[in-house]
Every structure is written in C-alpha cells, then in structure tokens.
Amino acid sequence: MKFRNFKLVGYVIFGRGAFNQLDEIIAPRRKGDAPMIFFVDHFFEGNQPFLSRIPLRGKDKIVFIDVTHEPKTTYVDRLRDELKAEFGEVSGIIGIGGGSTMDMAKAVALMMTNPGSSADYQGWDLVKLPAVYKAGIPTLSGTGAEVSRTTVLTGPTRKLGMNSDYTPFDQIVLDPELISNAPVNQRFYTAMDCYIHCIESLEGTFLNAFSRSYGEKALELCQEIYLKKDRWDDDADEKLMMASYAGGMSIAYSQVGVAHAVSYGLSYLLGTKHGVGNCIVFDKLEEFYPAGVKEFKQMVDKHQVEIPQHITKGLSDADFETMIDVSMGLAPLWENALGKDWQTLMTRDRLRKLYEKL
C-alpha cells in the first residue's frame, strides 16, 4: 500500500482527576471473574495514598514493574507465564507509569494471546492475534508510549519493538495530576525524548503534512515549557502531557532518526535508559540536527540538568561492534534520517566514530 493505514488508540480521556473515572471506564471490559491486572511502576511501591485509588475488584491484582532496566523479552515472557499459571485468563492489563511500564503492559497483553516468546515478534507486523484489553495511564510524559504502535524491548539479539496494529492501547487516561510529582531530572530526560521525536520527525525524509502538524505543535509546547517558562506549574504538566501525545502521533506516521538509532545500541549493550540515552546521543549530533542540538543545549543549561559524558570510554572493539550491529538493524530509522541510500552515508566506521564521542 502506498499510504499507511494507521491504527489509533481506541479511547482517550484527558483532564485533571480523570484517573478517578478508571473504575467506570474498565467495568464494561471485565469478562466474568477474570481479573484486571494493574502493572504499576515500582516508583509507587509503598505509596498507599496513590495505590488506594486503583479500583481493585474481585481477583484483580497489582504487579509492580521493575523499571531499573529497559524492558526485556525475558521479563515479558515471565510475567505472561506467571499470570497464565495463576489466573488462566485475564480481562485486561492496565499500565500505570512511564514508558517502560506502559510498554510492558502492551507487550504482556499481546503475549497473553500470541504463542511463543515476545522475542519472536520483535520487528514490524509480526504479531498475528489481537491482545487482551489494555489501557495506558502515564505518570511520566514524553515517550509517546501512550499512543505508539510499538513496545520497545531488549531481546536476546537486539533492542527492537513489537511494531504492529495490535500494539496500541484500547484506552488511555491522560491525567496531568499524575505527572506533577515526577523527579525533576527524570521528567527532563523523558520530556527530551518528546523534543527529540519532534526534531527527528520534522527533519526526516518520511515527513508529510499529518506528521508535520503534530510534530510542530509538540515542538512548540516543548519550547514553551522548557525555554519560556520560569517555573514549573500545572500548566506545564498539561502542556507536557499533550506534547507527549502529539509527538507520539507525529512519529507514528513518520519515524524517528539518528538519536534513537544510536541510543538503541547504547541501551542494548550498557542498559542505558531510553530518555537519558537519547539525551547523551543528541547532545553530540550537531552534524545532523544543528539547530535542534543548539536549542537542546540551551534547555539543558537553563534547567541545570547533567547529561552523562564519556560513557563509551574503555569499551572493547567487540562492544563497539555489538552496538553498531544493533543500530544498523534499525533500517527505517536511518532511512528516515538520511534517505534511501543511508548505508553509503552511515558506514560502520562513521558510526564507530560517533559512538566514541559519547
């Protein structure tokens, strides 16, 4: 097909306090006594005031998701096996947290119905069966995981998502109250994931008016929050939440670019988290995105955030080769960034030099 037939999220609710409507939103999706499983970012473990707001019914269960590391296919498979052993079937999986927790919810929801290992589905359009019901509730904004058609996983041989029309959430709950207490550095790294999505989408070869419309709006919101505002307030939470949504919509019909392609290699080898990994890479990409990198550095300075340096120092040749292999496997990202003949432009040697700068 010449044009992508693009699968959207089923339902969206936005507003302060929207989380309080979760019970009534998911009630019609319950199947008999099969439980709803709530995947909650381990950041909230022990936070009784927050946890008590989760509408548990019957056999429903909260599972705390360890996001110390990026989501792994082995973790997805283990959770799927545990849920099947305990309950047989579930009514659905609700992901409450940042991008990693939401990606875990999408991945396990898919693996409740699809055979084998989640590693078998890393790639584009390999998932064959619809998932169980799944909903996403961001408590950090920026990744766009709430609207994406992928769930990024580190597998045995690569870091790559389960990109499919069955991956997007059936429901998302966008409640700006939930992101208001995010740790400042983490919020910045995650917000910059959104900013970088916009730059990579708007300067990519896959760009069309659909992507541009969302990308320009998300970029404008990021600039307003991080360059024009003097303090963080409720308005900033609302705008960041919508920037994340619009940024995710922008890349859904285009693609990301060099920063993501390179940071996937870092993450695979070193376990670098997605948001900070993108910042580490983007900081050194003047040759590809000069205006975007200049503005990014202004935001870093204004908010006094530290971007880690020299993280590839002392790595072996084999380590560099591993990162290059992972990165080179992301053909759509490179093609969006550099065009159809990207392989002649981004040689292994050039990519090695780029990794050595980080």
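Guide: Start with S5 and S8, which pair in the parallel sense over two bridges. Keep in mind that this is a predicted model.

Visitor: Which residue stands opposite tryptophan 124 there?
Guide: Asparagine 163 in S8 stands opposite tryptophan 124.

Visitor: What is the strand order in the whole sheet?
Guide: The order is S5-S8-S7, in an open sheet of three strands with mixed pairing.

Visitor: And which are the edge strands?
Guide: Strand S5 (123-124) and strand S7 (152-154) are the edges, each pairing on one side only.

Visitor: OK, other side. How many bridges join S7 to S8, and do they run parallel or antiparallel?
Guide: Three bridges join S7 to strand S8, residues 159-163, and the two run antiparallel. Within that pair, leucine 153 has leucine 160 of S8 opposite.

Visitor: How many residues lie between S7 and S8?
Guide: Four residues lie between them, and the two strands form a hairpin.

Visitor: Change of topic: how many residues of S8 are buried?
Guide: Five of its five residues are buried, so S8 counts as mostly covered; buried here means under 20% relative accessible area.

Methods
Residues numbered from 1 in each chain as written. Predicted model: local features only at pLDDT ≥ 70, side-chain atom pairs only at ≥ 80, totals over all residues. Heavy atoms only, no water. Pairing = 2+ DSSP bridges. Buried < 20%, exposed > 50% of the residue type's maximum accessible area, 1.4 Å probe, protein only.
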